[in-house]
Amino acid sequence: MKILHTADLHLGKSYKGENFLYSKQRREEVWQSFSDLISYANSNNIEIILISGDLYEREYFTLNNFKRLSDLFSISNSEIYIIGGNHDHVDENSMFLKVDMPSNVHLFTEEEYFEYKNLRIYGITWDRQYNFKSELNFELNDKFKNILMLHCSVGFESHFPISEEWLNRQKFDYIALGHFHGHKKVADRAYYSGALEPSRFKDEGRHGFYVYDLENENQEFVKFAKREYNTFKVDVTDKNVDKIKNEVLELLNEYRADFNKLILIGKNQDIEYILEILENNDFYYLKIVNETKDIINYEELSNSDTSGIISEVLKKLGSDEQAIKYGIEALLETANEN
Ligand SMILES: [Mn+2]
C-alpha cells in the first residue's frame, strides 16, 4: 500500500513580500501543484494521502476556495486524511466543518484514529491558532500498521514542541510531520514532508512530498514543486562587466523559472553599471542584493582636499588599506561634526 505524505501547502496564502503580480501568480501555481498532486496519486496507485497541517490559510480562505478544494478531493481515488495546523486550526468556527466534503476526506477533530484496511491512522488537529498543546499518549494495537500525523516543532520550544527522544520512543510505523517547510528525517521513522511549494527565500532547497510503501517500508522523496527559491553569491572583484554577466548567466541558467536572489560581494568601481546590466535580464524573478564594499578613490579625495590633511594622512599610513580606510573614515566623521 502506497501512502503519500504532504503538508504546508498554505493554499490561498497572499505573498506579502513580493509584488502583486508574483503573489497572484504564485497563489494560483500552488493550487495547480496540489491539483497535480491529486493526479499523481491517481496514476501511481496511491491509496492514502496524508496532509499534515496548514493545507490552507484560514485567514484568506473563502467559501469558493473550499468549493474548489472539495472539487479537487472528489476527483481523487485516494483516501485523504487531514489534520489542522496553526494556519488552518479547526475550532467551532472553522468553515471546513460547514462545507460538504466528499466521503474520501477524513478531517481529524475528536477522533483518536481512523481505520482503513490493516491501517490505523492517528492524528492531532490544532484547535486554536496559538499555544496549542496536547497530551500524547498512544496505546497501539500491533495487529495494525500504525501511522501518526502531527503538526509540530521538533526540537523547538514553541508551536507544539516535540522532542526527538519522544519520537524515537514511539512504535509507529511512520510519523508524518508538518510545520517545517524543508523536508527531512527528524527521528527514526519520523519525517517532515516540507511544504509542497516553497513560499519564501527561507524555504530554499528541493520541495515535493514523500511516498511511503507500507509493505516494504521503502520511502522516497518526490521532487514536485513548480518553482524553487535559490540564493547565489558572486564576487565581482577584478572582473569586467561581461565576465560577471557570463558568470551569472551560467550560474543561474538552470534556475531561470525560479525565485532567485543574487548577492554581489567584493569590490568593483563599476558596480552601478554592473547592477544596471544585471537588472536587465529575462529571468522569471531575480532579486539583486548589492553587498559590495565601496571603493574609496584616494586620489580624487586628496585632490579635493584643500587643507592637505588627507594627503598627509595617506602618506603616514602607507599601503595598509584597512588603516587607510579607518583613517579616512575618522577624518570624514570629524569633518561632518563641524
Ligand atoms: Mn505551521
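Okay, let's start in a loop: Asp54 is found between strand β2 (46–52) and helix α2 (63–74). Helices here are DSSP runs of H or I with at least four residues, strands are runs of E with at least two, and both are numbered from the N terminus.

Before I go on, a word about what you're looking at. This is a predicted model, where local features need a pLDDT of at least 70, side-chain atom pairs count only at pLDDT 80 or more, and totals for chains, interfaces and linings use all residues. Residues are numbered from 1 along each chain as its sequence is written.

Now, back to phi. His10 has a positive value too, about 50°, and His10 is not a glycine either. You'll find His10 in the loop between β1 (2–6) and α1 (20–43). Buried or exposed? His10 is buried, with 23 other C-beta atoms within 10 Å.

Let's zoom out to the whole protein. The secondary structure comes to eight helices and 17 strands. The C-alpha trace spans about 90 × 40 × 40 Å along its principal axes. The radius of gyration is 27 Å, whereas a compact globule of 338 residues would be near 20 Å. That radius is taken over C-alpha atoms, and the globule rule is 2.2 Å times the number of residues to the power 0.38. How much of the protein counts as buried? The answer is 31% of the 338 residues.

Next, contacts. Two residues are in contact if their C-beta atoms, placed from the backbone, lie within 7 Å. Take the contacts between residues at least 6 apart in sequence: 68% of them join residues at least 24 apart.

Leu177 sits in strand β10, residues 174–178. Leu177 is buried, with 28 other C-beta atoms within 10 Å. If you leave aside neighbours within four places in sequence, Leu177 is in contact with a list of residues including Ser52, Leu150, Cys152 and Val186. And look at Thr6: its C-alpha atom is 8.5 Å from that of Leu177, though the two are 171 residues apart along the chain.

Leu214 is another one, in the loop between β13 (208–213) and β14. Which residues does Leu214 touch, not counting those up to four places away in sequence? They are Met1, Ile3 and Lys145. Leu214 counts as partly exposed, with 18 C-beta neighbours inside 10 Å.

Then there's Arg227, in the loop between β14 (218–223) and β15 (229–235). Arg227 counts as buried, with 20 C-beta neighbours inside 10 Å. Beyond four places in sequence, Arg227 touches Ala257, Asp258 and Phe259. Its C-alpha atom is 9.1 Å from that of Arg26, 201 residues away along the chain.

Now a pair of helices. Two packed helices are described by the angle between their axes and the distance between the axes. Helix α4 (residues 241–252) and helix α5 (residues 271–279) pack at about 40°, with axes 10 Å apart. The axes are lines fitted to C-alpha atoms, for helices over the stretch in contact, and angles run from 0 to 180 degrees between N-to-C directions. That makes α4 and α5 oblique to each other: under 35 degrees is roughly parallel, over 145 roughly antiparallel, 65 to 115 roughly perpendicular, and the rest oblique. On the α4 side the contact is made by Val241, Ile244, Lys245 and Val248, and on the α5 side by Tyr273, Ile274, Ile277 and Leu278.

Last stop: Leu262, in strand β16, residues 259–265. Leu262 is buried, with 20 other C-beta atoms within 10 Å. Leaving aside neighbours within four places in sequence, its contacts include Phe232, Leu286 and Val248, and Val248 is one of the α4 residues that meet α5.

Key
Buried ≥ 20, exposed ≤ 12 C-beta atoms within 10 Å, placed from the backbone.
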